[in-house]
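Open the structure in your viewer and keep the selection tool at hand. This tour goes from stop to stop, saying what to select and what is there.

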Amino acid sequence: MGSRKRVKQVVRHLRNAIAHNNFDYDNGEYNGPSIPITEITFIDKFIDKNKNEKEVFKATFTFDEFFYFVNKVAKKILQD
């Protein structure tokens with residue numbers, strides 16, 4: 001499997017997690033006027049015909065890792 005296909009799969013799972021509100025974030029112990037996000041966890045689930053949920057993807061990124069990944073994917077999309 002090529003790296004391009006793997007990236008597309010990760011992006012698809014991230015999209016599903018965001019679309020279905022299956023993500024959570026940690027803001028550490030900050031108590032200021034705004035709360036910076038320190039890490040984000042995305043979970044993509046499959047629900048069968050009996051309404052049983054199965055976790056098919058889970059990824060946790062630091063904010064910096066996620067920012068880097070999104071920018072890298074966006075730049076690649078704009079190049080194609």
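A polar contact is a pair of N or O atoms within 3.5 Å; within protein, one of them must be able to donate a hydrogen and the other to accept it. With that in mind, select Asn-16 and Asp-44, whose side chains are joined by a polar contact of 3.1 Å. Keep in view that this is a predicted model.

**Whole chain**

Zoom out and colour by secondary structure. The protein has 2 helices and 3 strands, and along the sequence they follow the pattern α-β-β-β-α. Now colour by confidence. The mean pLDDT of the protein is 86, with 85% of its residues at 70 or more. Confidence is highest in β3, at a mean of 94, and lowest in β1, at 85. If you colour by burial instead, buried residues account for 18% of the 80 residues. Among contacts between residues at least 6 apart in sequence, 32% join residues at least 24 apart.

**Helix α1 and Asn-16**

Select residues 3-19, which are helix α1, and find Asn-16 in it. Is Asn-16 buried or exposed? Its relative accessibility is 16%, so Asn-16 counts as buried. The other end of its side-chain contact, Asp-44, stands opposite Phe-57 in β3.

Move on to Asn-21, in the loop between α1 and β1. Asn-21 has a positive phi of about 55°, although it is not a glycine. Most residues other than glycine have a negative phi. With a relative accessibility of 57%, Asn-21 counts as exposed.

**The sheet**

Select the strands together. The 3 strands make an open sheet in the order β1-β2-β3, with antiparallel pairing. Strands β1 (23-26) and β3 (53-62) are at the edges and have a single partner strand each, so one side of each has no neighbour in the sheet. On average, neighbouring strands of this sheet are turned by 15° against each other, direction ignored. Strands of a sheet pair through backbone hydrogen bonds, so showing those bonds is a way to see the pairing.

How many bridges join β1 to β2? There are 4, and the two strands run antiparallel. Between β2 and β3 the antiparallel pairing extends over 9 bridges.

**Thr-41**

Select residues 39-47, strand β2, and pick out Thr-41. Towards β3, the bridge partner of Thr-41 is Thr-60. The side chains of Thr-41 and Thr-60 also make a polar contact, at 2.8 Å. Not counting residues up to four places away in sequence, Thr-41 touches Asn-22, Phe-23, Asp-24, Lys-58, Ala-59 and Thr-60. Its relative accessibility is 16%; because buried means under 20%, Thr-41 counts as buried.

**The hairpin turn**

Follow β2 to its end. β2 and β3 form a hairpin with 5 residues between them. Select Lys-51, which lies in the loop between these two strands. At 70% relative accessibility, Lys-51 counts as exposed.

**Helix α2**

Next, select residues 63-79. They form helix α2, which packs on the sheet where β2 and β3 pair antiparallel. Helix α2 touches both of these strands, and its direction makes about 100° with that of β3.

**The nonpolar core**

For the last stop, select Leu-14, Ala-17, Ile-40, Phe-42, Phe-57, Ala-59, Phe-61 and Phe-66, the 8 residues of the largest nonpolar core. At least two residues of this core come from each of α1, β2 and β3. The largest share, 3 residues, is supplied by β3. In soluble globular proteins, nonpolar side chains tend to be buried together.

Centre the view on Ile-40. Leaving aside neighbours within four places in sequence, Ile-40 is in contact with Asp-24, Tyr-25, Ala-59, Thr-60, Phe-61 and Phe-66.

Terms used. Residues are numbered from 1 along each chain as its sequence is written. Side-chain values use heavy atoms; hydrogens and water are left out. Buried means under 20% relative accessible area, exposed over 50%, partly exposed in between (1.4 Å probe, protein chains only). Contact means heavy atoms within 4.5 Å. Two strands pair if DSSP finds at least two bridges between them. Axes are lines fitted to C-alpha atoms, for helices over the stretch in contact, and angles run from 0 to 180 degrees between N-to-C directions. pLDDT is the predictor's confidence in each residue, from 0 to 100. A nonpolar core is a set of buried Ala, Val, Leu, Ile, Met, Phe, Trp, Tyr and Cys residues joined through side-chain atoms within 4.5 Å.
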